[in-house]
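Q: Can you go through this model with me? I have some quick questions about it.

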Amino acid sequence: MSLLSRLAAGLFRGTLALYPPGFRREYADELYAVFSLALHDAERRGLIGLIAFCAHELRDIPGALWRAHRRGWADAPPREPVPAPVRERRAMQQRNVAALRAEPLAGWSRAAVFAPFAWIAVIESVGALVRLSPAGIAVGGVLGVLVTVGVLALAVAGLAKRLPAWTLPSLGLVLAAANWVLLGVLMVALNLALNLSPLLALRPAPYSWGAFAHSGLVATLSLLPLLVLTGILVLLSATLPAWRPTFRRLRQDWSQVSLLLYASYLLSPAINFDPPDGAGYFQVLNLVLLAAGAWLYLRTSGPWRRLAILMAAATLAQCVVQAGEFRLYADPARTLSAALDGLFAQGQIVSVVGSVLPLAIPALLALRPRSMQPAARVPDSPLA
Amino acid sequence: MGEGSDPALPLTESTFYILLSLALDSKHGYAILKHVESLSEGQLVLSASTLYSALVRLQDQGLIQRMNTDDEAGANPGLPRKAYALTERGRHALEAEMARLRRQVRVGQRSLGGEFGR
């Protein structure tokens with residue numbers, strides 16, 4: 001057996017692991033045996049025949065995997081009738097979970113949700129306070145330190161207490177800050193290694209599909225480190241035994257992970273308005289819209305409705321930032337029509353959509369097999 | 001049997017050849033693979049993954065069945081130990097498909113006439 005044949009056989013055996021467990025149990029050995037015989041045949045036809053065979057097999061694997069998984073999903077509901085005691089227990093669990101979802105946050109917990117919003121408000125006001133008088137420097141400095149310590153403490157508490165909902169925005173803000181630092185380091189490292197300057201300087205023609213794709217892609221990719229960090233947190237909660245209740249809670253209401261990501265939009269004005277002179281109105285409006293989204297989130301139940309609220313608020317807030325950016329920097333005439341024209345010409349509207357789409361990624365947690373439904377009781381409330 | 005009577009109809013090309021191959025006798029996966037290639041005169045070469053997707057689907061549709069073979073004892077250790085056979089429903093579907101194809105050819109010949117009309 002040639003090296004290529006051995007490699008192909010090894011790769012094919014590896015892809016068998018990607019089939020659903022039921023299919024693997026029933027057909028994997030048989031499928032591999034047939035593949036091996038066909039591979040042996042192809043080997044006799046020479047190198048070209050072998051390469052053609054491998055290409056043919058490789059082409060068909062994704063489709064076969066998709067069909068096998070689709071069949072697995074269709075078979076997912078249990079075929080055997082569920083015994084009455086089990087049905088009653090499940091109904092009771094569902095009632096418990098519903099009651100926990102409806103439970104409002106206590107006063108301090110509710111205030112904690114808005115800590116990052118307060119942090120932004122204070123940090124954006126510090127500059128004005130400092131300019132006001134010498135005493136303002138001290139007041140602004142103390143306030144800034146206090147709210148920063150508060151947000152950091154909430155983020156640490158979030159990790160220590162296994163991600164209660166009231167710590168998620170603070171943790172999200174810290175992760176968002178880490179996102180921009182990591183992104184900067186990553187870009188510098190990539191640029192040094194691969195010289196990305198020509199790629200970064202690429203500016204597709206206005207009103208072109210390229211401009212729209214470029215804007216959307218850049219907006220989504222700029223949140224990649226945050227998505228990876230959040231993914232690691234969720235993965236840890238699924239892996240560590242002590243964090244399993246957290247993982248169950250996040251899957252019951254995955255919009256809590258969206259709430260964590262939502263905090264990242266608080267940093268958009270600080271990143272986009274550089275220099276910040278004249279951006280005050282846009283900063284305030286962005287903050288008000290995001291805070292209103294968080295407030296409505298807490299008053300709503302059901303992950304899909306909550307996601308819709310977060311996405312709507314984030315979209316509006318991002319539109320404000322983009323409009324402000326054009327108004328301040330890209331529009332010499334500083335007219336609204338020119339700003340709107342710029343929004344469309346450069347694909348900034350797509351950029352808004354691209355930056356908001358990651359909020360929906362936690363919905364993937366809803367795609368769970370039935371056997372992974374929540375266990376008997378949920379130790380801590382989804383909202384507290 | 002009309003087309004509407006079986007949801008499996010009309011058959012895809014690969015399904016048609018797999019059923020045709022099993023109409024003669026039951027076969028292992030690899031034998032089906034080779035027979036389909038020869039029946040279609042080399043026009044249809046199935047990959048192992050596609051073949052098994054089709055075999056699983058056809059079992060779900062009740063057109064074929066999977067069964068143990070004498071190779072269980074290990075007389076032919078290189079070959080898979082399961083074989084596939086056409087069910088009664090599969091045979092009906094195959095016959096219905098052939099009738100459908102014949103009808104299409106007849107209509108085509110009648111419409112075009114000339115050398116096709118012979």
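What follows is a short exchange on the predicted model.

Q: First, how confident is the predictor in the complex, in ipTM and pTM?

A: This is a predicted model, and the predictor gives the complex an ipTM of 0.86 and a pTM of 0.51. For chain B, the average pLDDT is 84, and 82% of the residues score at least 70.

Q: How many helices and strands does chain A have?
A: Chain A has 18 helices and zero strands.

Q: And what share of chain A counts as buried?
A: Of its 384 residues, 32% count as buried. Among contacts in chain A with a separation of 6 or more, 73% are between residues 24 or more positions apart.

Q: Which residues of the largest nonpolar core touch the most other members?
A: That core has 53 residues, and those with the most contacts to other members are A:Y262, A:L290, A:L310, A:A314 and A:A317. Helix α16(A) gives the largest share of this core, 10 residues.

Q: Take A:A314, then. What is A:A314 in contact with, leaving aside its neighbours within four places in sequence?
A: A:A314 is in contact with A:Y262, A:Y265, A:G293, A:V356 and A:L359, once those neighbours are set aside.

Q: Different topic: the contact between the chains. How many residues does it take from chain A and from chain B?
A: It takes 16 residues from chain A and 16 residues from chain B. On the side of chain B that touches chain A, the elements giving two or more residues are α2 (29-39) and α3 (48-60) of chain B.

Q: Which of the elements gives the largest share on that side of chain B?
A: Helix α3(B), with seven residues. The residues on that side of chain B divide into nine nonpolar, six polar and one charged.

Q: Back to chain A. How far does α11 reach from its first C-alpha to its last?
A: Helix α11 of chain A (residues 224-239, 16 residues) reaches 22 Å, close to the 22 Å expected at 1.5 Å a residue.

Q: Which residues of α11(A) are buried, and what covers them?
A: The buried residues are A:P225, A:L226, A:T230, A:L233, A:V234 and A:S237. Their cover includes α8 (168-194), α12 (244-252) and α13 (255-262) of chain A.

Q: And the buried residues of α12(A), which are they?
A: They are A:T246, A:F247, A:R248, A:R249, A:L250 and A:R251. What covers them includes α11 and α13 of chain A.

Q: Why does A:T246 count as buried?
A: A:T246 is buried because 22 other C-beta atoms lie within 10 Å, and the cut-off for buried is 20 or more.

Q: What does A:T246 touch, not counting residues up to four places away in sequence?
A: A:T246 touches A:R162, A:L163 and A:S237. The C-alpha atoms of A:T246 and A:P164 are separated by 8.1 Å, and the two residues are 82 residues apart along the chain.

Q: Last one. Where is A:G302, and is A:G302 buried or exposed?
A: A:G302 is in the loop between α15 (280-299) and α16 (303-330) of chain A. A:G302 counts as exposed because it has 11 C-beta neighbours inside 10 Å, and the cut-off for exposed is 12 or fewer.

Q: How far apart are A:G302 and A:W254 in sequence and in space?
A: They are 48 residues apart in sequence and 9.5 Å apart in space, C-alpha to C-alpha.

Notes. Residues numbered from 1 in each chain as written. Chains lettered and ligands numbered in written order. Predicted model: local features only at pLDDT ≥ 70, side-chain atom pairs only at ≥ 80, totals over all residues. Helix = DSSP H or I, 4+ residues; strand = E, 2+ residues; numbered from the N terminus. Expected span 1.5 Å × (residues − 1). Contact = placed C-beta atoms within 7 Å. Nonpolar A, V, L, I, M, F, W, Y, C, P; charged D, E, K, R; others polar. Core = buried A, V, L, I, M, F, W, Y, C linked by C-beta atoms within 7 Å. pLDDT = per-residue confidence, 0-100.
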